[in-house]
Amino acid sequence: MPEHALESHRSHGGHRARLRRYSGVAIALHWLVAVLILGSFVVGTYMVNLDLSPWKLKVYSWHKWTGVTIFLLVAVRLAWRVTHRPPDLPATIPEWQRHAAAIAHTILYLLMLAVPLSGWVMSSAGGFPVVYFGVFQLPHIVAKDKELFELMKSVHFALNKALLAVVVLHVAAAVKHHYVDRDDVLARMVPYLKPRR
Amino acid sequence: MTFARIALLFLTIVLTSSAAFAGTVDYKKSRIGFTFRQMNVPVEGGFPQFTANIVFDSGKPDAGKAEIEVDLGSIDTGSTDGDTEVKRKPWFNVESFPKATFVSTSVKPLGPDRLQVSGTLTIKGRSRELTVPVTTKREAGGTVFEGTFPLLRLQYAIGEGPWSDTETVADDVQVRFRIFVAGT
């Protein structure tokens, strides 16, 4: 068993079954990306309705920088996930739920990469290169193309709605496991959280 | 080979001095564009509508003249939002100042196919002296005059109030022009 996924847990009844959490790196990346996605989503929804102003240009740039950051962090997460086995799910979880979880997690990873990518294509098609932190200019992924720009606006929006839907499902499942099933599922990803056994 | 050299020189003089004209500008082959930076992001734009009067004699470049009038309302900033915004008062104030003009005051040859053109650029009622390096290039059916120069937008009050913040939109705008004069 990998050492990083191993953690013993003692609660007020005495010894309990061992709780195996995700590694510290996996937990840190998960919550960092979660916060960035939430922030970026809120900012993205807010900024599109702004009138053109220096503030709007700033917010758009911040949104794009965050998107690039999310993409890079998700790539690191994915590499970490592939090379580090996550802790097993509790034995009480039925087979179909394991499959559903695996599918949902795959879709989450795909969307977490696809959403920033679609933003990059949109920005590039709009004739606005992305300059990461105002320093590093990303190459033009596509040539300036007004029709593609309009299309990518819809695609970026649709992918975000899809991501929102899967995230809601993801959160609902975590909450259900913690408060209804009272198993280890959420505690595996939250430091110091104890399952409500 | 002295005779051949003299003959060649003579031929060159005859050929180049015959290139005197006040030709017609072919607007399909001409362009005034610019690159500005917002949040350090380079954005391309241009002015599709302009008129240019060019008088040029490669034998007597000093006698050359250029007058360019740019229709500011035709501006393309790379986005619809931007196009609407920059016509408004804080930017070009197109309603009161529909045109930008450049009138040359001197043309100096800097070498073969290179000129230094000085003149007055007027935008939004503000006039500044401007010196621009220009290259000339013969192409089929005419001559191309090309050049790039930095324009400091705040010198012409392009972008006032909150828009004068150069952290967001840089002061330095690179202007590029290519003017094709036909019939030479």
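This is a short tour of a two-chain model, from chain A through its helices to chain B.

**Before you start.** The model is predicted: local features need pLDDT of at least 70, side-chain atom pairs count only at pLDDT 80 or more, and totals for chains, interfaces and linings use all residues. Residues are numbered from 1 along each chain as its sequence is written, while chains are lettered from A and ligands numbered from 1 in the order in which they are written.

**Stop 1: chain A.** Select chain A and colour by secondary structure. Helices (H or I, at least four residues) and strands (E, at least two) are DSSP runs, numbered from the N terminus. Their order from the N terminus is β-β-α-α-α-β-β-α. The C-alpha trace spans about 65 × 30 × 30 Å along its principal axes. Chain A has 197 residues, and 22% of them count as buried. Buried means that 20 or more other C-beta atoms, placed from the backbone, lie within 10 Å of the residue's own.

**Stop 2: α1 and α2.** Select residues 24–47 and 54–83 of chain A, which are α1 and α2. α1(A) and α2(A) pack at about 155°, with axes 9 Å apart. Axes are lines fitted to C-alpha atoms over the stretch in contact, and angles run from 0 to 180 degrees between N-to-C directions. The pair is therefore roughly antiparallel, a label for angles over 145 degrees. Their contact involves 17 nonpolar, seven polar and two charged residues. Here Ala, Val, Leu, Ile, Met, Phe, Trp, Tyr, Cys and Pro are nonpolar, Asp, Glu, Lys and Arg are charged, and the others, Gly among them, are polar.

**Stop 3: α3.** Now select residues 95–125 of chain A. The 31 residues of α3(A) should span 45 Å at 1.5 Å a residue, and the end C-alpha atoms are 44 Å apart, which agrees. The expected span is 1.5 Å times one less than the number of residues. Show the buried residues of α3(A), among them Leu111(A), Met112(A), Val115(A), Trp120(A) and Met122(A). The buried residues of this helix pack against α1, α2 and α4 (146–181) of chain A. After α3(A) comes Gly127(A), with a positive phi near 85°.

**Stop 4: chain B.** Switch to chain B. Look for two helices and 11 strands. The pattern along the sequence is α-β-β-β-β-β-β-α-β-β-β-β-β. Of the 184 residues in chain B, 28% are buried. Among contacts between residues at least 6 apart in sequence, 55% join residues at least 24 apart. A contact means C-beta atoms, placed from the backbone, within 7 Å.

Note on methods: A residue is buried if 20 or more other C-beta atoms lie within 10 Å of its own, exposed if 12 or fewer, and partly exposed in between; C-beta atoms are placed from the backbone. Two residues are in contact if their C-beta atoms, placed from the backbone, lie within 7 Å. Angles under 35 degrees count as roughly parallel, over 145 as roughly antiparallel, 65 to 115 as roughly perpendicular and the rest as oblique.
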